[in-house]
Amino acid sequence: MWEIHAGRSETYRRSGNILNAVVDLKEAVTIIESVRRRLFQDTERLSFFGEGKGHIYARLIIMLHKELQQDADALNYVERSRSRAFLDVLEAKGLILPEGGEGEPLCFQELVGLLD
């Protein structure tokens with residue numbers, strides 16, 4: 001499903017309909033995060049973004065920043081993508097307990113709270 005939304009987003013982008021392109025990319029990210037939360041083995045999580053999903057975040061961030069000048073929203077997606085990878089490293093090292101597949105990726109302030 002995420003690939004369908006990503007593909008449709010590219011079609012919208014090429015036709016100049018940036019708003020719909022962003023909507024579809026946000027939906028693709030939501031689906032990716034939903035699936036990823038259900039992966040419990042470290043090897044599954046680590047390889048998950050290596051299968052072409054990381055570029056979805058990058059495309060969304062670029063469109064939000066360059067096309068729509070929605071820098072706060074773009075930064076939010078930067079933080080979401082990085083926080084998830086960071087928490088995976090902490091979980092793998094046994095520094096925090098896994099979320100059990102629940103919850104949204106953390107924002108910067110929530111990550112700082114975990115480190116206090």
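Among contacts in the protein chain (heavy atoms within 4.5 Å) between residues at least 6 apart in sequence, 59% join residues at least 24 apart. The model is predicted, so that local features need pLDDT of at least 70 and side-chain atom pairs count only at pLDDT 80 or more, whereas totals for chains, interfaces and linings use all residues. Residues are numbered from 1 along each chain as its sequence is written, and side-chain values use heavy atoms, with hydrogens and water left out.

The protein chain contains 6 helices and 0 strands, these being DSSP runs (H or I, at least four residues, for helices; E, at least two, for strands) numbered from the N terminus. Of its 116 residues, 34% count as buried, that is, under 20% relative accessible area with a 1.4 Å probe and protein chains only.

Helix 2 (residues 18-37) and helix 4 (residues 54-67) have axes that come within 9 Å and cross at roughly 145°, where axes are lines fitted to C-alpha atoms over the stretch in contact and angles run from 0 to 180 degrees between N-to-C directions. The contact is made by I18, A21, V22, L25, K26, A28, V29, I32 and E33 of helix 2, and by I56, Y57, R59, L60, M63, L64 and E67 of helix 4. By class, this contact has 12 nonpolar, no polar and 4 charged residues, with Ala, Val, Leu, Ile, Met, Phe, Trp, Tyr, Cys and Pro counted as nonpolar, Asp, Glu, Lys and Arg as charged, and the others, Gly among them, as polar. Buried residues of helix 2 include D24, I31, R36 and R37.

Conventions: Buried < 20%, exposed > 50% of the residue type's maximum accessible area, 1.4 Å probe, protein only.
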